[in-house]
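Biologist: I'd like to learn how to read backbone features and a chain contact in a model. Could you walk me through them?

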Amino acid sequence: MLVVLGVFFPFAAAGLIPLLYRLIPNRRIGWFVMAVPLVLFAGLLSIVPGIAAGKTANVTVPWIPDAGIDLAFHIDGLSMIFGLLITGVGSLVVLYSIHYLSERESLGHFYAYLLLFMGAMLGVVFSDNLMVLYAFWELTSISSFLLIAFWYHRKGSRYGARKSMLITVFGGIGMLAGFLMLYSMTGTFSIRETITLAPELSEQPLYLAAMILVMLGAFTKSAQFPFHIWLPDAMEAPTPVSAYLHSATMVKAGIYLIARFTPIFGGESTWFWTVSLIGIVTLLWGSFNAVKQNDLKALLAYSTISQLGLIMSLLGFGSAALAAGTDAEQVLLAQAGFAALFYMVNHSTFKGLLFMIVGIVDHELGTRDIRRLGGLMALMPVSFTLAVIGSFSMAGLPPFNGFLGKEMFFQAAVTVSSGNPFTADGAALLFPVVGWIASVFTFIYCMIIVYRTFLGPRQPEKVDRLPHEAPKGMLVSPAVLALFVVGIFFFPNLAGKYLIGPAMPAVFPTLAGKPGLVPHIQAWHGFNTPLLMTIGVIAAGIILFVTFRHWRLIYRFPPFRWNLDTVYRGLIGGMETGSTLITKRYMSGNLRDYFVYIYVFFLAAAGGSLFLKGAFKPDFRMETIAVYEVTFVLIMTFAALAMPFVKSRITATLLNGVLGYSIAIFFIFFRAPDLALTQTVIETVTTVLFLLCFHFLPDWKPERAPARTKIINGLIALGAGAVVTGFALTVKGYVVFDSISGYFEDSYTLAGGKNIVNAILGDFRAFDTMLEVVVLFIAGIGVYTLIVLKAKKGGGDIEGK
Amino acid sequence: MEVHMIILTGVLVTVAVYLLLSRNMIRMILGTAVLSHAVHLLLITMGGAAEGHVPLLGESDGPYVDALPQALILTAIVISFATTAFLLVLAYRTYEETGTDDLNYLRRVRRE
Amino acid sequence: MKGNDVILRTVSRIVVFIILTFGVELFLSGHNNPGGGFIGGLVLSSALVLLYVVFDIETVHQGVPLDFKKVAAFGAMLAVLSGTAAAVLGHPFLSQGFGYFDLPIFGVTELTTVTIFEAGVALTVIGTVETIILSISKDV
């Protein structure tokens, strides 16, 4: 039960924020917000020992049981890692934002969105039900949209928000289709039950399609090539948001999805190749592009893309374990999965730290452009130290956790290239080679962050402020993260045993309990291949960094200058202009044209199918008809036919009245006293309304349309009348179903009323009546608004307020 | 009498559509009014002719005419009243603002 | 709309009350006989329209000091809430109940929740019709 409360706690808090913000309309509101993730973090920590011992926490609250959709939550080792990241980094980010955001910002909105995101993200990682997971998944996209567009007056923010939304929701819908395919194969929405059924799935025809669609969702969310283009534009968000959503948590949702679905799809060669290749390409492309960036945040965005690719490729390597033959091979390949999760935790620490430092630089100098920065070391010594810790860790240098992660990555790449179940030839050699090249670029941009910002010559003439060290409050959060960066290096097995190890059975359920599944992490492991690769990276990196200005020209030549943004803009722009063109073609703005479309379509579809399908079987059996009935039929026919030709609108209105009152009389013939009464009163009120409105409208002139138009109108009208008549005559002769009206004749026993019509209106079908009353009310309010609230003459339009 | 009623409905629909296609707003609104008359007639006719008693349990022992179309029509009458009223007011407010009741000219009117 | 026809005024004073009584009768009898919320509401509002035609708006407003927008809103709300009550008690939304009670003067009487629902309908009809007519008239 606590799990459910945990997920819904942030939502409840988000709902309370508007009220709270009225009481505390300044930055102190952040302290209350911070309590939410802190409490959740403490709660999760308290069950870590249990989870590490192999227990899980489950709770299911029925939601839509008929559709198999329940609020099923499940915490195992894998969701625990994410839960701790979401709440832990969340607390630090809120703390940081208290000092980062100005009090003039609408903090209420900011924190409400942030909490909304937090709840949604916890929902994603704790859900065991695919539909619930999908709902939370899209909710993270929506809250991310709101947070990117937080400074909505900027064009770039709106552009970035829309772009991220379009791409991630596009992937999300694909993922939903994949989930539904899985459901059609298994008959359950529960992830855990799906995993138990996994061995039987791979023969099914939809298996491959479902796999690709699920990957699509994961790749768009985690900004994998070629969907990575939204992440750099998402950097328009306030820096705490970038640190939280776009490096530490939301972009890792795709990683979570891939890890979570490894037991279902892992062990398939398609899965292995797609995940590994997309990951490794993203790693290379991201790090290569990061080097050429001038904006520090854009640099970090590309670096995030690249490292998400690294984690993704590790998960791909690891999935091979499920297809490997011997126990030893399985355990060896599964180390890649371990490395992925370990690297992910590390990445959250050092990348969050770096984002916060960039935020501090931006906050103090008003710019993040490295061409205007330099020499800040003396002015901001603490920030400098923290930046060095973060960058060197990212570059893979000791004594920071990034070193361990990078070594494990090299080891895994070497392992998978030297032996995996899917390739015998040297194709897999690609992985360590590309990984190594990408690491060189990673090393270069890490050096750029440190040197171009904090070392080198100062350029005071290019910044308009005198920079100084950030307030202590802003330094606390990055310092805590730096502590983890160093701490994990010295005590990696603490994390391995309590955090990463318990997640391994969730990713590799068939390997659970095998010895050596959770490795002993060592910083020093002799002069083996990974260490040599690291030394190579450092050597090549330093050379290339020093000679950077000589070779940066290559970014001007294809394919290095290619940018997928062009494709995106072309697609979106093309769709917009295309739809505008098509719409302008037929939306003439003339009401008659639209009626013509409707009736011509009606004639073609209804009339056409009636005659072409041979369904037209008119039933001309004449029943007896009384003289007075004939009289009224004739009266109505003449009144109707006269209407288009009369000269005065008063006459036309009175003819309409004749039709209305005659219908009331027909209602009496048809034994419908309620209808006759209503029709009489309504016809009176309607006629009064027409006459009232004529006071304001000019008398009508004779129709001066060209004869051709009149003939077309007449033909369409005749056609419509004929089709309706034909249908009615045909339907009259058919009795396909028994009437359901017998049921309503029990109205006295069922509803206590003897008037059946009234019982239907008030009881059997009261819902219709209720909605009708609401429609009536809306029409009344509409009339009132049109008349009473109209803009005063010459008072300007409403948009001007 | 059903055949007569159905043909009458056809006539009403023809007139209504012809009025709807006109360029004068009042003609158009009258068209909607006539169209709803036509639909009400059609519904009550298709519900079965007058073979039965008034659907009041206190009045007779049955058989009764079908009460369901009656309930539907009652709803429809009130709704069509609401839309007619709204359309009328929309028409005259449009005339007040733009000075024309001709739908062909209306789309050329732009507010400064 | 100021009329000054003496005969019309004199007759209307009496006729209006007949129509009002008829409207209430229609509203109450709707359960077992022709009538009900719609018709009752419509007849009641036509009585009010007659008053507005014969006397001017201000005079009628002194006698019937109602804001008809609010009447319509209250009616619509009543109709919706009467259904919600059933939902709260665990029945499907808009379930109606009825029972027979032995009341002191009326004898055995049927009381139903439909009456509440119908009252909402009638009030919405009255409120909407009057709002429409009054809005247009005031615009003159």
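Biologist: Where in chain A does A:Ala223 lie?

Modeller: Helices here are DSSP runs of H or I with at least four residues, strands are runs of E with at least two, and both are numbered from the N terminus. A:Ala223 sits in the loop between α8 and α9 of chain A. Please keep in mind that this is a predicted model, where local features need pLDDT of at least 70, side-chain atom pairs count only at pLDDT 80 or more, and totals for chains, interfaces and linings use all residues. Residues are numbered from 1 along each chain as its sequence is written, chains are lettered from A and ligands numbered from 1 in the order written, and side-chain values use heavy atoms, with hydrogens and water left out.

Biologist: What is the phi of A:Ala223, and is the residue buried or exposed?

Modeller: Its phi is near 55°, a positive value in a residue other than glycine. Buried means under 20% relative accessible area, exposed over 50%, and partly exposed in between, with a 1.4 Å probe and protein chains only. A:Ala223 has 0% relative accessibility, so it counts as buried. A:Arg671 also has a positive phi, near 60°, and lies in the loop between α26 (649-669) and α27 (673-694) of chain A. Because its relative accessibility is 30%, A:Arg671 counts as partly exposed.

Biologist: Which peptide bond at A:Pro226 is cis?

Modeller: The bond from A:Phe225 to A:Pro226, with omega near 0°. A:Pro226 is in the loop between α8 (207-221) and α9 (230-233). Another cis bond joins A:Pro398 and A:Pro399, with omega about 5°, and A:Pro399 falls in the loop between α15 (381-395) and α16 (401-418).

Biologist: Now the interface: how many residues does each chain bring to the contact?

Modeller: Contact means heavy atoms within 4.5 Å. Chain A brings 97 residues and chain B 79. Buried area is the accessible area (1.4 Å probe) that two parts lose on being put together, summed over both. For chain A and chain B this is about 8200 Å², with 77% from carbon and sulfur atoms. On the chain A side, A:Phe670, A:Arg671 and A:Trp700 lose the most area to chain B, together 9% of what that side buries.
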